[in-house]
Amino acid sequence: MNTSIVGRHIDLTEPIKDYINSSVEIFKKYNLDIISVNSIISQEEKHGKKAFSFEFTLNVAHLDTIVVKQKDKDLYSAVDIAVDRVSKVLRRHHDKITGHRATKLTEVEANVIEDQIAIELEKFEDEITPVRLNSYKPMDIEEALKELKASDSQFKVFYDKDDNMRVLYKSSNEGNFGLY
């Protein structure tokens with residue numbers, strides 16, 4: 001990246017050059033192919049008041065030239081505002097590029113595996129029927145046991161008094177029950 005700093009009607013001091021060069025370094029974080037950055041500083045005086053005009057001209061590969069002009073009473077604030085405006089343009093271009101990238105091969109393989117799992121689950125759709133809980137109010141384990149003995153169900157799902165979901169099921173041994 002070529003950088004140049006030009007001062008019109010102003011003496012460029014080392015602190016000003018260092019500040020602008022450090023500001024230009026911020027643009028590298030967008031990983032764009034920036035060919036050149038030209039910075040032009042000019043000082044104007046109208047009605048006894050000094051004003052600074054700052055201009056960035058960026059040449060970016062695969063993108064039009066970006067020109068940002070900023071005027072302010074303070075040179076450093078003009079540079080900061082111009083850097084923010086250029087960063088916004090570069091960020092949008094970077095997001096546009098990264099948003100249009102091709103799908104990774106690992107993502108394609110993961111989608112294929114997910115599709116196979118979905119096809120296998122569809123086979124069991126006819127065998128599995130969803131059942132709603134009959135009671136949402138908490139109950140004692142004794143109440144659930146009485147209901148399970150009275151019905152021909154294999155298990156009973158309920159909430160206990162501590163608001164924990166529990167499962168009471170008939171064991172393979174006759175007359176025995178399990179609690180989970």
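Lys17 and Glu14 sit three residues apart in helix α1, about one turn of the helix (helices are DSSP runs of H or I, at least four residues, numbered from the N terminus). The model here is a predicted one, where local features need pLDDT of at least 70 and side-chain atom pairs count only at pLDDT 80 or more, while totals for chains, interfaces and linings use all residues. Residues are numbered from 1 along each chain as its sequence is written, and side-chain values use heavy atoms, with hydrogens and water left out.

Side chains of opposite charge can pair when their charged atoms come close. Lys17 does form a salt bridge with Glu14, with the closest N and O atoms 3.9 Å apart (the cut-off is a side-chain nitrogen of Lys or Arg within 4 Å of a carboxyl oxygen of Asp or Glu). Searching the whole structure turns up five salt bridges.

Helix α1 (residues 14–25) also meets helix α2 (residues 75–99): their axes come within 11 Å and cross at roughly 15 degrees (axes are lines fitted to C-alpha atoms over the stretch in contact, and angles run from 0 to 180 degrees between N-to-C directions). That makes α1 roughly parallel to α2, a label for angles under 35 degrees. Pro15, Ile16, Tyr19, Ile20 and Ser23 of α1 make the contact with Leu75, Tyr76, Val79, Asp80 and Val83 of α2, contact meaning heavy atoms within 4.5 Å.

Definitions and conventions: Helices (H or I, at least four residues) and strands (E, at least two) are DSSP runs, numbered from the N terminus. Angles under 35 degrees count as roughly parallel, over 145 as roughly antiparallel, 65 to 115 as roughly perpendicular and the rest as oblique.
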